[in-house]
Amino acid sequence: MTTLYRATFLHTPENPFTHADALRAESDGGLLVEGGVIRARGAFADLRAAHPDAPVTDLRGGLLLPGLIDTHVHLPQVRVIGGLGLPLLDWLDQCALPEEARMADVAYARDVARDFTRGLVGAGTTTALVFGSHFAGAVDAFFEEAAQTGLRAVAGLVVSDRLLRDELHTTPERSYAEGKALIERWHGVGRTLYAVTPRFSLSASEGILDACAALMREHPGVRFTSHINENTREIEVVQGLFPGARDYLDTYERAGLIGRHSVLAHNVHPSDRELGVMAAAHCTAAHCPCSNSALGSGFFPLRRHLDAGVHVALGSDVGGGTGFSLLKEGLQAHFMQNLMPGGVPLSPAHLLYLATKAGADALDLPGVGAFEPGQQFDAVHLAPAPGTPLDAVFRHAASPERALAAAFATGTPGDVAQVWIGGDVAHTRA
Ligand SMILES: Nc1nc2[nH]cnc2c(=O)[nH]1
Ligand SMILES: [Zn+2]
């Protein structure tokens, strides 16, 4: 089936941190989509002339963006969003982990997976790197729900063997066996990929990190994700647990877990050595600015990451973060860079890139992240309700770029009118 979408669209096929004019915009644009794939892109009038018989979907009056890509978000935490005012380790004990223990009940986990997946797609997120659950049944339930919704999910069993709560602990042997079974069931099936996911070095012994590395070695193409350098107290505890490690990164590096397919969340307090190794390994730092603010973790040193050559993308970190909207994460990133000494001024192009193409690159998914011919039609249509301030801005914006800035400044999931994944409608505003 072929459709010609008519819209004001913007995308960042190039990296605005390294390319001038990376923001591409078309005020009255056309995207010709066939079988879920973008076949042609340009001015609407030109595409209309070349394809006079294609049915037109008219999306004028809003903004069409590539589907947003969340590179760090926790499945079991959707119902504990809002535990404000605690530092990381207290927040885990009091807010997150009691809820994560409830995921042992598969029926409960299925309901949570529905809330979670709806929350993501309703916010315009079409691809997510998801911290699953400590329970394999809950991870299955999530993959099933993602397959139904159409979400591009990269996810895995979260594994830990110390310092959380007994119900959440496993063993290296069991984590390996359950991970292998999940990889065989889900990796590369439909739109899903598997991510090997030790929770963080604080809760993962060398033995369980080795089991993670074995899964990575035996299943090339699976992704890796964990947390790093989020909170100063956490870093001290990790140093004590790994007295032979050079730093936090080394706890993963020594196990053989750092490479092109590794995404490390937070990295608020990195050393220069860690940044150098991350750059050389082409791994990604998932920056989660709302979480960093809510948990008081600190200011993300974006300048140091960029100077070192470390790839950076955005994550919502629900439920340490405050919601699924990557527009809000973009705004919070902008605020924090504005406020910190030596912060990087972030333009609308930077924010769009961090929320789309940067995530696609982090996950090594060349088929998504922008509106290039040959890419999947993953898209979010922002169309604020008439009479809202964002609608007023959209109707009077001097350029698509100004409208984009306003979408980051004041847009919410309520402004997401429709979402497509691979050409299929995955969400329509009620
Ligand atoms: N923000 C955050 N950091 C973590 N470090 C280990 N687990 C978590 C978590 O659930 N959220
Ligand atoms: Zn997290």
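Biologist: In this predicted model, which residue of β10 is the bridge partner of Val159?
Modeller: Strand β9 covers residues 158-159, and it pairs with β10 in the parallel sense over 2 bridges. Within β10, the residue that partners Val159 is Pro198.

Biologist: In β11, what is the bridge partner of Ala195?
Modeller: β10 also pairs with strand β11, residues 223-228, in the parallel sense over 2 bridges. Together with helix α6, residues 206-218, these two strands make a right-handed β-α-β unit. The β11 residue that partners Ala195 is Arg223.

Biologist: And in β10, what is the bridge partner of Ala155?
Modeller: Strand β8 runs over residues 152-156 and pairs with β10 in the parallel sense, again over 2 bridges. The partner of Ala155 in β10 is Tyr194.

Biologist: How many of the residues of strand β10 are buried?
Modeller: In a regular strand the side chains alternate between the two faces of the sheet. In β10, Leu193, Ala195 and Thr197 point one way while Tyr194, Val196 and Pro198 point the other way, and all are buried. The strand, residues 193-198, is thus mostly covered, and the count of buried residues is 6 of 6.

Conventions. Residues numbered from 1 in each chain as written. Chains lettered and ligands numbered in written order. Predicted model: local features only at pLDDT ≥ 70, side-chain atom pairs only at ≥ 80, totals over all residues. Heavy atoms only, no water. Buried < 20%, exposed > 50% of the residue type's maximum accessible area, 1.4 Å probe, protein only. Helix = DSSP H or I, 4+ residues; strand = E, 2+ residues; numbered from the N terminus. Pairing = 2+ DSSP bridges. Right-handed = clockwise from strand over helix to strand, strands pointing away.
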